[in-house]
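Let's walk through this structure together, one piece at a time. Keep the 3D view open while you read.

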Amino acid sequence: MRHRHRMWIGTSLVVVCSFALAGCSGAAGSPQATVTVTAGAPATGAAANTSSAARSSVVLACSILTKADAQAIVGAELQPGQEGQPAEPSCEYDTSPTGPKTAQVRFTIGDGAKKTYDIDRSLKHAFTRIPGIGDEAWEEPFAIFVRKGTTWYGITVVLLDDASVAAKPLRVAAATVLPQVH
């Protein structure tokens, strides 16, 4: 009898742990990001060069569109930028929730910027071509999207002002970050 009781508890524990792990893995069919961390001795030679190259390929969007750049767009004091996911580089700057002005600046690099541009196009947003910035630049109220080679980036603004207030500062910021986007 005692053996059956232990076996039942052991089996129950395995089932509960399985459900807990399954719950952490997300819905079936949803994409999952996997991060692998390997600990070991420091790399030397070619392995060290590869490792440092991999680290330097991480794009820190907040170091490209700086807090000062973002503040110049909205004309307000912003909190420090919040980096997005490394696979989809972005940076978001917000005003203080208790501040005198409400504003947000979001800078996105890569597929996310292109997708936002494509969605806005499909929704028939009014775009204006802006010459002289990158290989292609399109502006809509409160946003600008730029292509440099095969890379897209976008700067979008939430601001409780007329869109014309942000138009020129958005163009200046888009041109300022252009040399840093690869």
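Start with a word you'll meet a lot: a residue is buried when under 20% of its relative accessible area is left, exposed when that is over 50%, and partly exposed in between (1.4 Å probe, protein chains only). Helices (H or I, at least four residues) and strands (E, at least two) are DSSP runs, numbered from the N terminus. What you're looking at is a predicted model, where local features need pLDDT of at least 70 and side-chain atom pairs count only at pLDDT 80 or more, while totals for chains, interfaces and linings use all residues. Residues are numbered from 1 along each chain as its sequence is written, and side-chain values use heavy atoms, with hydrogens and water left out.

First, the overall layout. The protein chain has 6 helices and 7 strands, and from the N terminus they come in the order α-α-α-α-β-β-β-α-β-β-β-β-α. Of its 182 residues, 29% are buried. Contact here means heavy atoms within 4.5 Å. Among the contacts with a separation of 6 or more, 46% join residues 24 or more positions apart.

Now for the inside. A nonpolar core is a set of buried Ala, Val, Leu, Ile, Met, Phe, Trp, Tyr and Cys residues joined through side-chain atoms within 4.5 Å. The largest one has 31 residues, and Val-74, Val-105, Phe-107, Tyr-153 and Ile-155 touch the most other members. Helices H3 (61-64), H4 (67-74) and H6 (164-177) each give two or more residues to this core, and so do strands E2, E3, E6 (143-148) and E7 (151-159). The largest share, 5 residues, comes from H6. There's also a second, separate core of 7 residues, with Ala-113, Tyr-117, Ala-143 and Trp-152 among them.

Let's look at H6 itself. It has 14 residues and spans 21 Å from its first C-alpha to its last, close to the 20 Å expected at 1.5 Å a residue; that expected span is 1.5 Å times one less than the number of residues. Its buried residues are Ala-166, Ala-167, Leu-170, Ala-173, Ala-174 and Val-177. What covers them includes H3, H4, E3, E5 (136-140), E6 and E7.

Which two cysteines form a disulfide? A disulfide is a covalent bond between the sulfur atoms of two cysteines, and here the rule is a pair of cysteine sulfur atoms within 2.5 Å. That gives a count of 1: Cys-62 and Cys-91, with their sulfur atoms 1.9 Å apart. Cys-62 sits in helix H3 and Cys-91 in strand E2, so the pair ties together parts that are 29 residues apart in sequence. The link is right-handed, with 95° about the S-S bond, and both Cys-62 and Cys-91 are buried.

Finish at the loop between E2 (90-94) and E3 (103-109), where you'll find Pro-100 and Thr-95. Is each one buried or exposed? Pro-100 counts as exposed because its relative accessibility is 94%, whereas Thr-95, at 10%, counts as buried. Thr-95 touches residues including Ala-76, Glu-77, Leu-78 and Lys-101. A polar atom of its side chain lies 3.1 Å from the backbone oxygen of Lys-101, and a polar contact is a pair of N or O atoms within 3.5 Å; within protein, one must be able to donate a hydrogen and the other to accept it, and residues adjacent in sequence count only if both atoms are side-chain atoms.

Technical notes:
Lists of a residue's contacts leave out its neighbours within four places in sequence.
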